[in-house]
Amino acid sequence: IGDVINAFSSAGTAGPGDSGTPGGGQAAKYADVAAVFKAMPEAFNPDAAKGVTVVFQYHITGGSGGDWYCDIKDGTCRVEAGTHDQPTCTLKMEEGDFLAMTGGDLPPMQAYTSGKLQIGGDIMKSQLIEKLFSL
């Protein structure tokens with residue numbers, strides 16, 4: 001479980017619009033939830049996904065929230081708005097907590113243990129998120 005939640009807090013990972021400051025700068029990078037999901041295909045590591053078939057369903061509540069899913073099949077990643085019929089793993093969060101976590105302001109372990117991040121389905125598959133994405 002620690003791996004899945006640590007995937008959203010990779011310190012020092014610089015991207016477009018990111019200051020590259022460890023643990024910081026990313027909150028400004030993602031102005032809203034949709035921006036996080038828009039960035040996911042670019043943050044995807046196809047080498048880590050060889051032989052992997054998994055669907056991550058995200059339910060984010062709040063004003064800029066919504067439903068998105070990441071469909072990963074053997075080195076490819078498709079991120080779509082909406083719900084998938086058969087997700088492998090489901091992650092639920094409130095938008096403010098999700099943005100704080102992806103921005104490095106909310107430690108993922110704290111989000112999970114406090115109930116702000118709920119993980120359903122195949123929890124073991126959720127551990128792949130850290131290997132598949134560098135947000």
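Mentor: Touching here means contact, that is, heavy atoms within 4.5 Å. On the helix 3 side the contact is made by Val 33, Val 36 and Phe 37, and on the helix 4 side by Glu 95, Phe 98, Leu 99 and Thr 102. Sorted by type, these residues give 5 nonpolar, 1 polar and 1 charged; Ala, Val, Leu, Ile, Met, Phe, Trp, Tyr, Cys and Pro count as nonpolar, Asp, Glu, Lys and Arg as charged, and the others, Gly among them, as polar.

Keep in mind that this is a predicted model, where local features need pLDDT of at least 70, side-chain atom pairs count only at pLDDT 80 or more, and totals for chains, interfaces and linings use all residues. Residues are numbered from 1 along each chain as its sequence is written, and side-chain values use heavy atoms, leaving out hydrogens and water.

Now the geometry. Helix 3 (residues 33-43) and helix 4 pack at about 45°, their axes 10 Å apart; axes are lines fitted to C-alpha atoms, for helices over the stretch in contact, and angles run from 0 to 180 degrees between N-to-C directions. Helices (H or I, at least four residues) and strands (E, at least two) are DSSP runs, numbered from the N terminus. Helix 4 (residues 95-102) also lies across strand 1 (53-61) and strand 4, at about 105° to strand 4. Strand 4 (residues 89-94) runs antiparallel to strand 5, joined by 4 bridges, and Lys 92 stands opposite Gln 118 in strand 5.

How values were computed. Two strands pair if DSSP finds at least two bridges between them.
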